Amino acid sequence: MKRAIVMISIGDRPWSALSFATFREYARKYGADAHLVREDVPLEEFDLGEFKSEKGRPNKRAYALKSYIPWKFMKQGYDQVVVVDDSCSVHPLASSIFREVPRGSIGYTLTSALHARKSFETIADFQRRKGEPPIEFDAAHYANSGVVVYDRKFMDAFAPKLIRHAKPLLYNRYPHQTLLYYLVKRANIPVRMIRKKFNAMPGAGGALDKQERADLTSTDGVINLEKA
């Protein structure tokens, strides 16, 4: 079994060296390779064309890369690929995320039903315009895509041509969640929801308010292994 943990951190993001260091040790513990992706891929390798509208979030190409890069690593022979945001860190005593997601499925934690509904409105409109058979809406299968476990069995679902086809979805307020849900459901990939402790925000759930979370300089007393 060949496994990888991949952190994507493109641009001026100096903290990623520290957050990646935690995953490098974690990957070594569970027999995976660790990769920090700091550079965009060449346009001749993955060309999405221009984004002509400012609607939605900036840096839409970066969100597309969150689906392209796992495809690229699976194409290189990795059986399971975990992709994590560069804002994530992992505790050295954390259990194996690979054990959370059985082979033959994709795994991630849940996002809010409100985000899911707003995301799916864009998908439904896109499919109507394309004349595609509609995919189902299931808020219980919508990802917080900061941590995603991919399986090479479904590599073709994330092929560059399919990402290019779905480019309009990146204009949604939740670009990667929208693209990911569309690609997963289009290919009928079995979904395994991971326990929220594998993708938890310090002080979330009312423990701290938004400003207190923004001002955090230490997670002492905020995070413990029972919850994260």
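1. A quick convention to start: two residues are in contact when heavy atoms lie within 4.5 Å. With that in hand, tyrosine 26 is in contact with Ile5, Val90, His91, Ala94, Ser95, Ser96, Ile97 and Phe198, once its neighbours within four places in sequence are left aside.

2. Some housekeeping before we go on. This is a predicted model, in which local features need pLDDT of at least 70, side-chain atom pairs count only at pLDDT 80 or more, and totals for chains, interfaces and linings use all residues. Residues are numbered from 1 along each chain as its sequence is written, and side-chain values use heavy atoms, with hydrogens and water left out.

3. On the overall fold, the protein chain has 6 helices and 6 strands, arranged along the sequence as β-α-β-α-β-β-α-β-α-α-β-α. Its radius of gyration is 17 Å, close to the 17 Å that the globule rule gives for 228 residues, so the chain is as compact as a globular protein of that length. Helices (H or I, at least four residues) and strands (E, at least two) are DSSP runs numbered from the N terminus; the radius is taken over C-alpha atoms, and the globule rule is 2.2 Å times the number of residues to the power 0.38.

4. Of the 228 residues, 45% count as buried. Here buried means under 20% relative accessible area, exposed over 50%, and partly exposed in between (1.4 Å probe, protein chains only).

5. At 4% relative accessibility, tyrosine 26 counts as buried. Its C-alpha atom is separated by 24 Å from that of tyrosine 68, 42 residues apart along the chain.

6. Now the interior. A nonpolar core is a set of buried Ala, Val, Leu, Ile, Met, Phe, Trp, Tyr and Cys residues joined through side-chain atoms within 4.5 Å. The largest such core has 46 residues, of which Val6, Ile106, Phe158 and Leu180 touch the most other members. Elements giving two or more residues to this core include β1 (3-8), α2 (60-75), β4 (106-110) and α5 (175-186), and α2 gives the most, with 7 residues. A second, separate core of 20 residues includes Met7, Phe20, Phe98 and Phe198.

7. Phenylalanine 158 deserves a look in your viewer. Not counting residues up to four places away in sequence, its partners include Ser67, Trp71, Met74, Ile106, Tyr150 and Leu180.

8. Which residue has a positive phi although it is not a glycine? Asparagine 188, with a phi of about 55°. Most residues other than glycine have a negative phi. Asparagine 188 lies in the loop between α5 and β6 (191-193) and is exposed, with a relative accessible area of 64%.

9. Serine 119 is found in helix α3. Is serine 119 buried or exposed? Serine 119 is buried, with a relative accessible area of 0%. Beyond its neighbours within four places in sequence, serine 119 is in contact with Tyr142, Asn172, Gln177 and Thr178.

10. Finally, alanine 200 belongs to the loop between β6 and α6 (210-214) and is partly exposed, at 35% relative accessible area. Leaving aside neighbours within four places in sequence, alanine 200 is in contact with Lys227 and Ala228. Alanine 200 and serine 87 are 113 residues apart in sequence and 11 Å apart in space, C-alpha to C-alpha.
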